Amino acid sequence: MELLFLALLCLHILKTEAVVGHWCYRTQKCEQPQCKDPPQWHQVSDWCKGNRQSPVNIVTRNVVYDKNLKALTFEGYDVKDSAKWTLENNGHTVKVALSASPKVGGGGLKRKYKAVEFHLHWGVPGEPQTVPGSEHSIDGQKYPMELHVVHIREDASDVTEAKKTTDGLAVLAFFIEAGKENKNYATLLSELEKIKYRGKSTQVNALPLSSLLPAEEELGRFYRYEGSLTSPDCYQGVTWTVFEKPVELNVTQLSLFSALHFEGPNSTAMTENFRPVQPLNDREVLWSGSAMALPEAKLLLLLALSCALSSVSH
Ligand SMILES: [Zn+2]
């Protein structure tokens with residue numbers, strides 16, 4: 001009797017799966033023809049066909065300079081979480097849930113937001129870089145990877161509650177470029193081997209979030225627009241901050257992400273886990289402007305002074 005029940009339950013699950021299908025990236029279509037890839041995500045959630053979707057291509061010639069976009073203020077970004085971090089392969093990306101909640105505010109954000117998790121998107125790494133995997137692009141150019149630090153409104157207890165409001169989330173997006181080795185990523189990267197398959201997770205020593213980002217004085221230049229989550233349910237109510245300054249990883253470090261798989265052993269390698277860019281429609285992308293770093297400003301001032309002095313002496 002129990003067996004029969006179990007069999008029926010399995011059949012039901014299989015049937016539901018076949019009809020609805022779960023969402024996936026384009027690279028998974030071969031292995032799972034039933035799964036819903038980005039052009040079909042609207043069958044999973046209505047939001048995905050909304051008119052304020054992410055990611056977008058940022059056309060720098062069309063961005064609107066906004067003097068109110070001052071530098072953001074980061075609270076607790078330089079503090080190490082007291083608990084360990086759980087690094088997880090959730091079948092779409094590698095994700096770290098944060099227990100302590102560093103906060104971000106200012107920078108034109110309407111309220112304070114607290115960080116709840118971060119994850120990454122990538123393409124097909126290797127030498128030379130074959131498919132760049134960032135989600136946003138600048139003038140049509142994509143970077144190898146993109147890091148998303150997901151924040152929810154300070155007054156919401158979790159993502160589900162935050163999504164009940166119209167401005168529930170704020171995501172800080174950082175491009176990742178191929179460059180020097182980044183030792184701050186070493187611990188995280190060495191653990192990827194342990195979470196090769198969907199549902200696997202591992203504990204790692206927490207890091208200050210700031211150690212994974214460019215130096216704070218480099219974060220004054222950013223783009224801002226209103227968009228959505230870049231995977232189903234595609235919730236629309238996300239304030240995006242896309243920083244100009246990328247994080248650097250070297251080519252070997254970039255290539256470690258393709259050791260992951262979307263499902264179990266022998267399943268498709270987890271590559272190209274990004275959503276293609278979405279129409280901007282009537283939205284504006286704001287730009288914080290060319291706020292100069294202090295040393296550069298000083299140098300210019302010095303140059304101007306010496307010019308002025310030399311013209312006086314002649
Ligand atoms: Zn993301």
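Strands S5 (94-97) and S7 (113-122) pair in the antiparallel sense over three bridges. Strands here are DSSP runs of E, at least two residues long, numbered from the N terminus, and two strands pair if DSSP finds at least two bridges between them. Within this pairing, Ala 97 has Glu 117 of S7 as its bridge partner. The model is predicted: local features need pLDDT of at least 70, side-chain atom pairs count only at pLDDT 80 or more, and totals for chains, interfaces and linings use all residues. Residues are numbered from 1 along each chain as its sequence is written.

S7 also pairs with strand S6 (residues 103-106), in the antiparallel sense and over two bridges. Lys 103 has Lys 114 in S7 as its bridge partner. Six residues separate S6 and S7 in a hairpin, and Gly 107 in the turn has a positive phi of about 55 degrees. With S9, S7 forms an antiparallel pairing over nine bridges, where Phe 118 stands opposite Val 149 of S9.

Seven of the 10 residues of S7 are buried, meaning that 20 or more other C-beta atoms, placed from the backbone, lie within 10 Å of the residue's own.

The largest nonpolar core has 58 residues; such a core is a set of buried Ala, Val, Leu, Ile, Met, Phe, Trp, Tyr and Cys residues joined through C-beta atoms within 7 Å. S7, S9 and S10 are among the strands that each supply at least two residues of this core, and S10 gives the largest share, nine residues. Because domain 1 (1-44) and domain 2 (50-291) both contribute residues, the core lies between them; the domain bounds come from an automatic or database domain assignment.

Technical notes
Buried ≥ 20, exposed ≤ 12 C-beta atoms within 10 Å, placed from the backbone. Helix = DSSP H or I, 4+ residues; strand = E, 2+ residues; numbered from the N terminus.
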